[in-house]
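I opened the model to look up its strand pairing and its nonpolar core. My entries follow the order in which I checked things.

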Amino acid sequence: VLFRSHRERNYKILIFARERKKQPFTYLGQAAHIRHESERPIKIVWQLDHSMPAGMFENCRKGG
């Protein structure tokens, strides 16, 4: 599975997110695979290289 070996293959994982469906995506930067669970649906935990903007984090944490 590619996402587990992205570092060895020199692939970069770029994370984009948005707070609401009709808003544009915000680029959050590069990330590294930490762990994953299950298959359908799969849950992947990523570690961002830089912190998510505080306002966006708070809004997403509350459920948007």
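**Conventions.** I worked on a predicted model, in which local features need pLDDT of at least 70, side-chain atom pairs count only at pLDDT 80 or more, and totals for chains, interfaces and linings use all residues. Residues are numbered from 1 along each chain as its sequence is written, and side-chain values use heavy atoms, with hydrogens and water left out.

**Sheet.** I took strands as DSSP runs (E, at least two residues), numbered from the N terminus. I counted two strands as paired if DSSP finds at least two bridges between them. On that basis I found an open sheet of 3 strands in the order β1-β2-β3, paired antiparallel. Its edge strands are β1 (13-17) and β3 (43-48), each of which pairs on one side only. Neighbouring strands are turned by 60 degrees against each other on average, direction ignored; the axes behind this angle are lines fitted to C-alpha atoms, and angles run from 0 to 180 degrees between N-to-C directions.

**Bridges.** I then went through the strand pairs. β1 pairs with β2 (residues 26-37) in the antiparallel sense over 5 bridges. Within this pair, I noted Leu14 opposite Gln30 and Ala17 with Thr26 as its bridge partner. β2 and β3 also run antiparallel, joined by 6 bridges. Here His33 has Trp46 of β3 as its bridge partner. The hairpin of β2 and β3 has 5 residues between the strands, and Ser38 takes a positive phi near 65 degrees in this hairpin.

**Core.** I looked for nonpolar cores, meaning sets of buried Ala, Val, Leu, Ile, Met, Phe, Trp, Tyr and Cys residues joined through side-chain atoms within 4.5 Å. Buried means under 20% relative accessible area, exposed over 50%, and partly exposed in between (1.4 Å probe, protein chains only). The largest such core holds 6 residues: Ile13, Ile15, Ala17, Leu28, Ala31 and Met56. β1 and β2 are the elements that give two or more residues to this core, and β1 gives the most, with 3. Leaving out residues up to four places away in sequence, I found Met56 touching Ala17, Arg18, Glu19, Thr26 and Leu28, where contact means heavy atoms within 4.5 Å.

**Arg35.** Is Arg35 buried or exposed, or partly exposed? Arg35 is partly exposed, with a relative accessible area of 43%. Arg35 touches Lys43, Ile44 and Val45, again not counting residues up to four places away in sequence. The C-alpha atoms of Arg35 and Val45 are separated by 5.4 Å, with the two residues 10 apart along the chain.

Conventions: Helices (H or I, at least four residues) and strands (E, at least two) are DSSP runs, numbered from the N terminus.
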